Amino acid sequence: MAKKLLEMRSITKEFPGVKALDNVNITVNEGEIHAIVGENGAGKTTLMNVLSGVHPYGTYSGDVFFDGQLCRHQGIKDSERLGIVIIHQELALVPYLSIGENMFLGNEQHRRGRIDWHKTHQKAEEYMQIVGLKEDPHTLVKDISVGKQQLIEIAKALAKSVRLLILDEPTSSLNESDSKNVLDLLLRLKKEQGITSIIISHKLNEISYCADRITILRDGATVETLDNQSAEIPEARIVKGMVGREMTERFPSRSRVIKDEIALEVRNFTVYHELFTDRKVVDNVSLKVHKGEVVGIYGLIGAGRSELALSIFGQAYGTKASGTVYKDGKPLELNSVPDAIKANIAYVTEDRKGSGLILSNSIVHNITLPRMDFVARRGRIDKDLERKTAEHYRESLDIKTPTVDQLVENLSGGNQQKVLLGRWIFSQPDVLLLDEPTRGVDVGAKYEIYQIINELVEAGKAAIFISSELTEILGMCDRIYVMNQGRIIGEFLAGEATQEIVMNCIMQDSKGEIGA
Amino acid sequence: MNSMRTTFRNNLKQYMMLVALVALVIAFQVLTKGVLLKPMNVSNLIFQNAYVVILAVGMLLCILTGGNIDLSVGSVVALVGACAGTFIITWGWNPHLSILICLGIGLLIGVWQGFWIAYVRIPAFIVTLSGMLVFRGLTLIVLSGLTLAPFPPAYLAYSTGYVPDLFPALQLFGVRNTTSLLVGVLIAIIFCVTQVMGYLGRKNKGYAVESIWALIVKMAVISPAVVWLFYILASYRGIPMVLIIVGIVLLAYSYFTSHTVMGRHLYALGGNEKAARLSGVKTKRLLFLAYVNMAFLAAVAGIVFAARLNSASPQAGQSFELDAIGACFLGGASAYGGVGTVGGTLIGALFMGVLNNGMSIMGISSNVQQVVKGLVLLVAVAADAISKNKLPFNIPRFGKRDAAEQQSVEL
């Protein structure tokens, strides 16, 4: 029997008016990778906040034992002293400081208040070596990729002599190869250094890949802990525990309604980078989407997918060098976002908080924003009509909120995403450019979003579906374009594409790049 | 009901400030032994604060665009006053024409600053800091460092005069200016009628309406308050002309921010610029217009203020920008933009105004007054920040799951 490193016993945490955690029990053994899964709002983050001392001892009931000792954390400092380090979903690195400075932020290598830069950079290199990163420690963090930043975060934790590493959605903004890199690192740290970790993730394949045991939370309570070590648990089994019912299918079916008419066609699109104006981000791309069709664009992060979509959407990104957009067979002049919206094209951004929603505004205001002219006459807003419209989308998209006057910042991720979708459905588009429409939402909400997309195309609209999750692309799309380094390098029909074929396509292309 | 609770929660700070304002008025009324609300003093309060309210409304729009402020308004007030003085007093131009030209100068200043801020993307703080120096300097050049006085009556009438009494013999309820009282009653009636019409209209069309009691309470509080204010004014010399200017500004901008597409876009721009742009909001143009508008209102305030001083002084308008900014933040505007209302700003400006006036009546030295004002601003904004973190208002009460979700989002 392995030694227990962490034991949380009957943890109950109440916020005014609500029980966020209800008698949660969890045991983590020394030297294991323990996964915690659950839908948004199941209480994962609250549980980790109890553990790390964000919610101090006494504000919750139940006991936390670390290494056999009862913990009475008053703050994060206390838990860090014991070697509990939490890496949050949004990386906490300072972009304009160097790798070395970031790695020892709050843990500076100093002698009587004077920083020893030599030691700082030397140690930074040591830790970078452990996580398998070859970078100059003087490089500014803003200049390295997100995948590498995630590794820096882990190295930073190692520098604090971590015993229990907690990763909250560590791969949510990483592409598949970077994600695998992070997971492999966790496995290696476990094997070589005996570091215990807790990983919180929505990505079930990753959890099956690396976790020894899996604890499932639902509605603030522990449902069960599954052993993933002896025999791999099927994903459907985990999902069942999370949502409390069998999800027989991950993707809802839709009646095939593809028409012959082309809704949108893009010919010879070339776009240059916003800042580095000599760098081609989109390179001579041509593609088309029919009415009633979902076309997927798959590619690794940095392949130029969002940039392509944005520049179709009224040149909202970079500078367009060439290319024409044809809608219903006619060429369009789309020089600005309002032009694109008027042409009934919608772009649903991948970053709903950063460039999607107005968080400080209500649901009503967010939904009607792109086409205020639908609810206004001569510049004057008909507030009643506006409300009624918003109510309509609340019902049809099942946005969970007591009222449409609720500020969007008070909604959960899945509901925020639905507000964003609602906004662009409201704009009456014929063509929807959906950029990672299910990023950061739980399994249940994902399914609902797929259903919404299906309803739209069944009504004759066309959708371009951009995603980093290949399973999602394969499950949802009628046709798939594969993008790499700004170019379209492959086109497959839904029936003929598999994970292997698509990945191979990218690998072959990248190889050619190196050979040339 | 749920909807009302959310509306209430979203506007919590404003309600708290309104309650605080009423408490402050009562406190000073007691402390000054009733001088504060004497008809003459109420008239005074209006004259003293008119230009602050006008500036604060313009400042609100700038702050809404993303927490941008305008440091140059005090200097613009001085420059416009100096121009008015030069045109009218030195050169003897027609006062009405001169006022129009002065407003035009305000617009030009706005175009200048707005261009740098919106199209060259220089931080507003820097552009308007530069403006603060440039326009103050220009004021000194225009006036050669001297004060020009006095203005002719035709100019003063616009802002320091009173609305004439049409029925001087009547003296209804013993007031000196019956017309003013009647205007007050008329405004109260118009208010009630529009409220009821709006309510019935919405009900007929099948839209959601507030409870009938909320409507009655609203009318029962606001109408008497309006009549009472005009009664006080009528007991002195009547409605100050400048109150009409301020009233028009408040109504126009309140309507603009809450009922027009462009106003809505302003909130979107301040809430999230990128998102606003990707939703088809013309962000640059909007930012440009916010600053053009600010300078225009600063010109209006400059004309009003010069009339109040009855002179064009090179030192006019010192630190007005700070009064305006303070009023906005007191009134619930967010320092990050996207949050704030004209009503809240008015409350904030009145709060500062009553504080100033009350302390002056009590004979508290102006040095101490500054300390008190500074602390009040800090406390008001701090109270808001603290209440946001501590009050259970932020936790919705509709089922366990959503609330827990909210926690996970917030933390």
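This is a predicted model: local features need pLDDT of at least 70, side-chain atom pairs count only at pLDDT 80 or more; totals for chains, interfaces and linings use all residues.
**The six-stranded sheet**
- Chain A has an open sheet of six strands, in the order 18-21-22-15-23-24.
- Its pairing is mixed.
- Strand 18 (345-348) and strand 24 (487-493) of chain A are the edge strands, and each pairs on one side only.
- Neighbouring strands of this sheet are turned by 20° against each other on average, direction ignored.
- Helix 15 (residues 443-458) of chain A packs on the sheet.
- Helix 15 of chain A touches strand 15 (294-298), strand 21 (431-435) and strand 22 (462-467) of chain A.
- The direction of helix 15 makes about 150° with that of strand 22 of chain A.

**Strand pairs in chain A**
- Strands of a sheet pair through backbone hydrogen bonds, either parallel or antiparallel.
- Strand 23 (residues 479-484) and strand 24 of chain A pair in the antiparallel sense, over six bridges.
- Met483(A) has Ile488(A), in strand 24 of chain A, as its bridge partner.
- Strand 13 (residues 262-272) of chain A pairs with strand 14 (residues 280-290) of chain A in the antiparallel sense, over seven bridges.
- Phe269(A) has Val285(A), in strand 14 of chain A, as its bridge partner.
- Strand 13 of chain A also pairs with strand 16 (residues 319-327) of chain A, in the antiparallel sense and over seven bridges.
- Opposite Val271(A) stands Lys320(A), in strand 16 of chain A.

**A helix pair in chain B**
- Helix 8 (residues 178-204) and helix 9 (residues 212-235) of chain B pack at an angle of about 165°.
- Their axes are 7 Å apart.
- Angles over 145 degrees count as roughly antiparallel, so helix 8 and helix 9 of chain B are roughly antiparallel to each other.
- The crossing of helix 8 and helix 9 of chain B is right-handed.
- Helix 8 of chain B brings residues including Leu181(B), Ile187(B), Phe191(B) and Tyr199(B) to the contact.
- Helix 9 of chain B brings residues including Leu215(B), Lys218(B), Ile222(B) and Phe230(B).
- By class, this contact of helix 8 with helix 9 of chain B has 18 nonpolar, five polar and one charged residues.

Key: Residues are numbered from 1 along each chain as its sequence is written. Chains are lettered from A and ligands numbered from 1 in the order in which they are written. Two strands pair if DSSP finds at least two bridges between them. Helices (H or I, at least four residues) and strands (E, at least two) are DSSP runs, numbered from the N terminus. Axes are lines fitted to C-alpha atoms, for helices over the stretch in contact, and angles run from 0 to 180 degrees between N-to-C directions. Two residues are in contact if their C-beta atoms, placed from the backbone, lie within 7 Å. Angles under 35 degrees count as roughly parallel, over 145 as roughly antiparallel, 65 to 115 as roughly perpendicular and the rest as oblique. A crossing is left-handed if the near helix is turned anticlockwise from the far one by less than a right angle, and right-handed if clockwise. Ala, Val, Leu, Ile, Met, Phe, Trp, Tyr, Cys and Pro count as nonpolar, Asp, Glu, Lys and Arg as charged, and the others, Gly among them, as polar.
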